[in-house]
Amino acid sequence: MSKRQFQALNIKPLAPLAMAISALLPLSASLAAPSQSDFGGVGLIQIPTARMSPEGEFAFNLNYVDPYIRGAIAITPVPWFEGVIRYTSVENRLYSPYPGYSGDQSYKDKGFDAKFRLWQESYYVPEIALGFRDIGGTGLFASEYLVASKRWGNLDFTLGMGWGYLANGSDLDNPLCKISDSACERPGRKPGDNGGKLGAGDFFRGPNAGLLAGLEYHTPIEGLSLKLEYDSNDYQHEALDNQFDQSLPVNIGAVYAWGDYVNLNLGYERGNTLMAGITIRTNFQTVPNQIKLDEPPEALNDTETSAQVDYDDLVDTLADNAGLQASTLVLSENRISVSGEQLKYRKRSDADQRIARVLHNRLPDTVSEFEIVETAQGLPLYSSTIDRAAFLDNAQNQLEPEQESPYVSSQVYQESDSTAANQTSTQVDKTPYNVSLYPGLTQSIGSAETFYFYAVSLHLAGEYQFTDKLKADGIASWTIANNYDKFNYTVDDSTGAIPRSRTYIREYLTASDIGLSNLQLTYFDNYGKNFYAQYYGGYLEFMYGGVGGELLYRPYNSSLAFGVDLNRVKQRDFDRGFGFRDYEVTTGHAALYWQSPWYGVNTELSAGQYLSGDRGFTVDVSREFDNGTIAGFFFTKTDVSAEDYGEGSFNKGFYIKIPFDMMLTRSSTKYAAFNWTPLTRDGGQKLIRKYSLYDETKAKGRKSIGTH
């Protein structure tokens, strides 16, 4: 077996949980940040402050104060915005009043928070923020607030006003009632509401407003802060008919930073109740990737290179040392063009430097220009031209820092019509197959039957490359453990309200432990320099098979792209074998992609027909951080009513893509993806297509074009 054939047997038994822990606990540096409140998000104990975590902050907060257990994820994607996803377990209430349906599971409430910084602190003016707590879901803790924070030495004072839950028990009149009588009425959520609605009709309304006041003292003891706050909530108006005694309207607490990434919280609330919690945090913007144990870049060869090129050695070294899987080499007297896919280095400057060193050490001195044509799925994307002399001047430190200039120029790939004199073209004989083994996780959170649904699988994937643009893919899956047998969601099919496109997930994951998740044939093509296409057919995902295609228009170095996909699919048999059920549908979407010029924020807006035949649109917003991590959320609204959709009212979710670079000691362009969806329902469901042209045509090592 040759060296390249051996490399094609790619075994990746990397557990997602282990990767997540590694990502949360990187090796380096102190990350001082404001601490979290009981609810998650920056605050004192029960009340928020105007403070924001540093840009890129990611915090997981777990807190207990009887009878609430709160788990929250808080993220600060941009300096002026903080978002929180929270689950609250009400330990003295059952989830369902129907015996046996939810067992002894306590009531779970899902909530989303958003805080916006209106003014950054200056010498005289405090930090000012506007926030919304529990704006989605059932709104059990829904509140709005306007708050200011000001530092004075080691003291940080907070003063503000809150509405809704933050005003429960307050005797302070809502000042907005003087402007409009309707501001004194807070409708609240109606019984039987499916949740998932914004609740904007309640914003800043109600007969009373609550006083938010407190301070945090950063003690001389390193890592220790003390908190004190006035709590206007008398706890006599809690949701679900809960009432608690409050002995004192003051809460006190302490936060201890145990190292750079863990905060321990302890407090005494209501004058009679202990609170304890832990926060695990990191920062996607500032935390560096793991120290790499890659082979160092080749040392520059100062001796004259032979005119005879050893192509086998050149191709192997490009793959091993520079991460470039070459497919074609075209050599003329003064120029070489290498086409291939970058499989190792996300940072483009690292890849260019390594490639240039490998080429310089193996090519005759007459070759003055190196062209690297980056490809994906056989499609030429971009070309980078390296001036050999300029590269050497930089690499050998022969220029002063102020004289250094880029030795690489890039543009969209354009096929040359001319043939240079004495030109030779070499097609690399690549191993056509690839096999990999890796774990998989299917999950859903927040259902009445059980809080967390999971299915842990082991996937055996294989592919065969017939030509540069034609390939076959297949994935056989073995479900190792799952609890989807508890998924009791049922629909009266006779009503015809909405076809069941996804809620058969219990049947698909329990009918057989072993099944075929994917088996398809895909052809990629490009038309001119900005148009890309793919056409595919087969068993496209574990629930559907059929045929389809996608077209993408993506101008080079443009912030905008436009794509469209169209698919005719049929529902597969529950055993994930080769058979089909009766249900079939046409589904497809038109999509507009925009890379904003701010903070690496990317937006995708798509509209079309979904798997249940419903029509609507999806908004997907994500932030790409400097270390390659991508965090985003999406929501989908279709013509399915909230009543027909069921609990949650519409489809939505949150995801994080963590680069292997952040967790491993070897460089890689691959990502580990973690998706969160609150419930499995049928409305607004897209086909899970194996390839996205937008993702495939993003050249490795190139961040989004947006900058700060």
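Which residue in strand 10 is the bridge partner of Gly214? This tour of a predicted model begins with that pairing.

**First stop: two paired strands.** Select residues 210-218, which form strand 9, and residues 224-230, which form strand 10. The two strands run antiparallel and are joined by six bridges. Now select Gly214 and Glu229: Glu229 is the bridge partner of Gly214 in strand 10.

Select Ser53, which lies in the loop between helix 2 (16-24) and strand 2 (57-65). Is Ser53 buried or exposed? Its relative accessibility is 4%, so Ser53 counts as buried, the cut-off being under 20%. To view its surroundings, select Pro34, Gln36, Val42, Thr76 and Glu82; these are the contacts of Ser53 when neighbours within four places in sequence are left aside.

Finally, select helix 4 (residues 348-362) together with helix 5 (residues 388-395). They pack at an angle of about 110°, and their axes are 11 Å apart. Helix 4 and helix 5 are therefore roughly perpendicular to each other, since angles of 65 to 115 degrees fall in that class. Their crossing is left-handed. To see where they meet, select Gln353, Ala356, Arg357 and His360 in helix 4, then Arg388, Phe391, Leu392 and Ala395 in helix 5. The residues of this contact comprise four nonpolar, two polar and two charged.

Terms used:
Residues are numbered from 1 along each chain as its sequence is written. This is a predicted model: local features need pLDDT of at least 70, side-chain atom pairs count only at pLDDT 80 or more; totals for chains, interfaces and linings use all residues. Side-chain values use heavy atoms; hydrogens and water are left out. Axes are lines fitted to C-alpha atoms, for helices over the stretch in contact, and angles run from 0 to 180 degrees between N-to-C directions. Helices (H or I, at least four residues) and strands (E, at least two) are DSSP runs, numbered from the N terminus. Angles under 35 degrees count as roughly parallel, over 145 as roughly antiparallel, 65 to 115 as roughly perpendicular and the rest as oblique. A crossing is left-handed if the near helix is turned anticlockwise from the far one by less than a right angle, and right-handed if clockwise. Contact means heavy atoms within 4.5 Å. Ala, Val, Leu, Ile, Met, Phe, Trp, Tyr, Cys and Pro count as nonpolar, Asp, Glu, Lys and Arg as charged, and the others, Gly among them, as polar. Two strands pair if DSSP finds at least two bridges between them. Buried means under 20% relative accessible area, exposed over 50%, partly exposed in between (1.4 Å probe, protein chains only).
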